[in-house]
Amino acid sequence: MDKFTLVIGNKAYSSWSLRPWLALRHVGASFAEEVIPLRTEGTKAAILARNPAGKVPVLKHGDLTVWDSLAICEYLAELFPAAGLWPQDPAARAVARSVSAEMHSGFLDLRRNLFMDLKQRRHDPVRRSAAADDIARVTAIWQDCRDRFGAGGPFLFGRFSIADCMYAPVCTRFVTWNVAMDAGARAYVEAIYALPAMRDWVAAAEAETWVVDFDAK
């Protein structure tokens, strides 16, 4: 199989990059990383040179370019069916796709206010309040998936799936922004953070030297 290269943003800040990175690790594929620092003078040009859509992540596989986190995850699910990136049960798979698509297209208040930042802990009740409805919806999704489909393991559908790839960055946002969680949500966040791949991502993010000052005016 041709070599994979995943073009990503800084691990400390790029929530969309984390999603297919976790999927690649889960399927066991060997891949190279190309990291483009975000919010620099040359960021836009560097990304456009690799993806005319102007976004990261981008997966290069031989002559093929796949952009968009969910599209990359879907592609990997097709290439590595034995990895079980989608649940086998049709009903569970339909719900997993639904909650993944909801994460992909929604939760704008969460994105705007509780941005991903693995370099520090933030305490801002105003921002948390602005994202309160989205926080409630996310935790309701987690509870519903765990109650209905989570008997086989600690993840949303028991075994690790694309749905967990999609919500893993939210777990980091909840930790960074000190979001209050009930026992079920806390257990799910801990399960995500316990993944070896997630531990590796967080360690690499903490070691990055490029720091974005989100508070700069």
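Predicted model: local features only at pLDDT ≥ 70, side-chain atom pairs only at ≥ 80, totals over all residues.
Residues are numbered from 1 along each chain as its sequence is written, and local features need pLDDT of at least 70, while side-chain atom pairs count only at pLDDT 80 or more and totals for chains, interfaces and linings use all residues. Side-chain values use heavy atoms, with hydrogens and water left out.

Let's start with the sheet. It is open, has 4 strands in the order β2-β1-β3-β4, and its pairing is mixed. Strands here are DSSP runs (E, at least two residues), as are helices (H or I, at least four), numbered from the N terminus; two strands pair if DSSP finds at least two bridges between them. Because β2 and β4 (64-67) stand at the edges with a single partner strand each, one side of each is left without a neighbour in the sheet. On average, neighbouring strands are turned by 20° against each other, direction ignored.

Now look at β1 (residues 4-9). With β2 (residues 31-36) it pairs in the parallel sense over 6 bridges, and I8 stands opposite V35 in β2. With β3 (residues 58-61), β1 runs antiparallel, joined by 4 bridges; here F4 has H61 as its bridge partner.

α1 lies across β1, β2 and β3, at about 150° to β1. Angles run from 0 to 180 degrees between N-to-C directions, and axes are lines fitted to C-alpha atoms, for helices over the stretch in contact.

α1 also meets α3 (residues 69-79), their axes coming within 9 Å and crossing at roughly 5°. That makes α1 roughly parallel to α3 (angles under 35 degrees; over 145 is roughly antiparallel, 65 to 115 roughly perpendicular and the rest oblique). In this contact (heavy atoms within 4.5 Å), W16, R19, P20, A23 and L24 of α1 meet S69, I72, C73 and L76 of α3. α3 itself lies across β1, β3 and β4, running at about 125° to β4.

Finally, α1 (residues 15-27) packs with α10 (residues 196-207) at an angle of about 135°, with the axes 10 Å apart. That makes α1 oblique to α10. S17, L18, W21, L22 and R25 of α1 make the contact with P196, A197, M198, D200 and W201 of α10.
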